[in-house]
Amino acid sequence: MPDFSHAIARRARLRGGEELAAILAGSPPGVLSMTGGFPNPATFPTDELDAIAAALLRDDAAVALQYTPVAGLSSVREYLRDRIAGEQGGRPGDDELLVTSGGMECINLLCEALVDPGDAIVVEAPTYLGALMAFAAAEAHVVPVPMDADGLVVDALEERLGAGLRPKFVYTIPEYQNPTGRTLPLARRRALVELCRRHGVLILEDVAYRELAFGGDPLPTLWSLGPDVVVQAGTFSKSFFPGVRLGWACGPAQVVAELVAAKGNTDQCAGALGQMLLERYGRGGGFERHLPAARALYGAHWAALSSALERCMPEGVTWTEPAGGFLTWLTLPDGLDAHALRADALAAGVAYVPGRPFHVDRGGASSLRLSFSHLGEADLEEAVQRLAGVVRGALRAPPVRS
Ligand SMILES: Cc1ncc(COP(=O)(O)O)c(C=O)c1O
């Protein structure tokens with residue numbers, strides 16, 4: 001077999017991603033996995049999709065199986081603008097929205113459009129691994145800003161901007177953040193938009209989990225508070241199904257035009273079949289029929305996980321309390337390293353994602369991410385018992401460091 005390692009681009013080596021590959025690869029049989037932030041297949045609306053797909057192929061194959069304009073089918077864009085108006089209060093203009101092939105694509109397109117090597121991008125510490133990989137591949141200078149229990153510390157960002165930092169954008173996940181599950185309160189949302197407006201800095205708002213609140217109304221989006229300074233990356237991966245690979249980007253027309261140009265140079269358009277499926281499903285009231293059950297399912301999973309953590313975890317272990325989404329962030333007592341304990345956890349039959357890859361500076365050694373989207377309530381209870389056993393064992397042993 002010839003060796004092509006000499007042909008691999010420098011950029012490809014910057015990306016990293018071994019951790020993400022490990023998450024996506026799944027876990028050995030018998031291991032209860034709390035790794036992937038995948039939606040639960042029980043939430044997939046298969047009953048409705050069957051009929052919609054059959055009708056599309058029967059009556060609209062010439063459009064559904066064809067290429068679409070780069071920004072998306074006009075009826076689908078119209079639907080998304082209506083939906084955003086209903087959900088978020090503001091209505092993007094025709095030139096302020098494009099259909100993307102998922103949330104991750106929007107992140108990549110913004111890098112393609114705005115980021116030259118060495119440009120600064122501000123991120124929350126910790127943040128979504130896929131975004132960090134995209135920023136690394138864009139050769140950005142990634143600047144972490146701390147979070148507290150209420151998400152991004154806007155005052156800390158203000159200090160950095162005041163000291164002269166000029167990032168191309170600030171990347172934030174305001175609801176049920178990946179990986180911490182935290183939510184940015186309204187006052188901080190307003191302060192963040194105001195601050196960025198003052199400094200002429202764009203915000204990239206990732207709303208991947210926004211529609212999955214366990215209860216109550218979600219807070220206003222950053223885009224609705226500042227459509228002049230916010231690009232919103234939306235995805236249907238969590239609220240519809242990820243197999244469709246669909247999302248949206250809305251923001252200032254000048255930036256959206258650049259995103260459309262960048263998309264023309266990558267996949268050219270999101271798949272027409274998926275776009276039409278989504279539009280018919282959405283216009284037919286599919287989200288209203290199905291989302292309440294999805295929210296209830298994830299809420300019940302969180303309730304089971306949270307009560308198991310309360311009962312089983314030794315003193316000194318803490319975790320976040322998400323109000324929606326799939327994820328909680330657990331911190332081990334000082335001296336314990338989540339990466340080093342991973343092998344013991346796997347041997348005990350439980351898998352998690354160690355916290356370090358979510359930090360640019362590889363901090364967060366004592367943290368780990370647990371996803372509760374997939375396992376049912378009984379398995380979550382069992383997984384926590386296994387994990388608690390591993391933590392207790394490590395506390396009895398000399399400190400483990402990797
Ligand atoms: C915060 C966040 N943004 C974006 C994505 C990617 O979404 P998509 O599947 O639409 O590319 C994910 C997926 O896990 C995510 O957690």
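**Entry 1**

I began at Ala125, which stands opposite Pro146 in β4. The model is a predicted one, in which local features need pLDDT of at least 70, side-chain atom pairs count only at pLDDT 80 or more, and totals for chains, interfaces and linings use all residues. Residues are numbered from 1 along each chain as its sequence is written, and side-chain values use heavy atoms, with hydrogens and water left out.

I looked up how β3 (residues 120–125) and β4 (residues 141–148) are joined, and found 6 bridges between strands that run parallel. Strands here are DSSP runs of E with at least two residues, helices are runs of H or I with at least four, and both are numbered from the N terminus. Two strands pair if DSSP finds at least two bridges between them.

I then noted the whole sheet: it is open, has 8 strands with mixed pairing, and runs in the order β2-β9-β8-β7-β6-β3-β4-β5. Its edge strands, each pairing on one side only, are β2 (97–100) and β5 (151–152). Helix α8 (residues 154–162) packs on this sheet and touches β3, β4, β5 and β6 (169–172). Contact means heavy atoms within 4.5 Å. I read the angle between the directions of α8 and β4 as about 145°; axes are lines fitted to C-alpha atoms, for helices over the stretch in contact, and angles run from 0 to 180 degrees between N-to-C directions.

**Entry 2: strand β8**

I checked the cover of β8 (residues 230–235) and found that 6 of its 6 residues are buried. Buried means under 20% relative accessible area, exposed over 50%, and partly exposed in between (1.4 Å probe, protein chains only). Val230, Gln232 and Gly234 are buried on one side of β8, and Val231, Ala233 and Thr235 on the other.

I looked at both neighbours. Strand β7 (residues 202–206) runs parallel to β8 and is joined to it by 4 bridges, with Asp206 opposite Ala233. Strand β9 (residues 247–250) is antiparallel to β8, also over 4 bridges, with Thr235 opposite Gly247.

**Entry 3: backbone exceptions**

I kept in mind that most residues other than glycine have a negative phi, and most peptide bonds are trans. I found a cis peptide bond between Ala125 and Pro126, with omega about 5°; Pro126 lies in the loop between β3 and α7 (129–137). Another cis peptide bond joins Asn178 and Pro179, with omega about 15°. I placed Pro179 in the loop between β6 and α9 (186–199).

Arg245, in the loop between β8 and β9, has a positive phi near 50°. I noted Arg245 as partly exposed, at 40% relative accessible area. Gln268 has a positive phi of about 70° and sits in the loop between α11 (253–264) and α12. Its relative accessibility is 42%, so Gln268 counts as partly exposed.

**Entry 4: salt bridges**

I looked up the total: the structure holds 24 salt bridges. A salt bridge is a side-chain nitrogen of Lys or Arg within 4 Å of a carboxyl oxygen of Asp or Glu.

One of them joins Arg289 and Glu48 at 2.8 Å, N to O. I noted that this pair links distant parts of the chain, with Arg289 in helix α13 (residues 286–312) and Glu48 in helix α3 (residues 46–59), 241 residues apart. Arg289 is partly exposed at 46%, whereas Glu48 is buried at 16%.

I next took Arg356 and Asp337, whose side chains meet at 3.5 Å, N to O. Arg356 is in the loop between β13 and β14 (367–371) and Asp337 in the loop between β11 and α14 (338–347), so the pair ties together parts 19 residues apart in sequence. Asp337 is buried, with a relative accessible area of 5%.

In helix α15 (residues 377–396) I found Arg386 and Glu382, 4 residues apart, about one turn of the helix. Their closest N and O atoms are 3.0 Å apart. Arg386 is partly exposed at 23%, and Glu382 is partly exposed at 31%. I also noted one network of salt bridges that share partners, joining Arg77, Glu78, Arg81, Asp82, Arg91, Asp94, Glu279 and Arg283.

**Entry 5: the 4-stranded sheet**

I ended on an open sheet of 4 strands, antiparallel in pairing, with the order β10-β11-β14-β13. Its edge strands are β10 (318–319) and β13 (353–354), each pairing on one side only. β10 pairs with β11 (residues 327–331) over 2 bridges, and Thr318 stands opposite Thr331.
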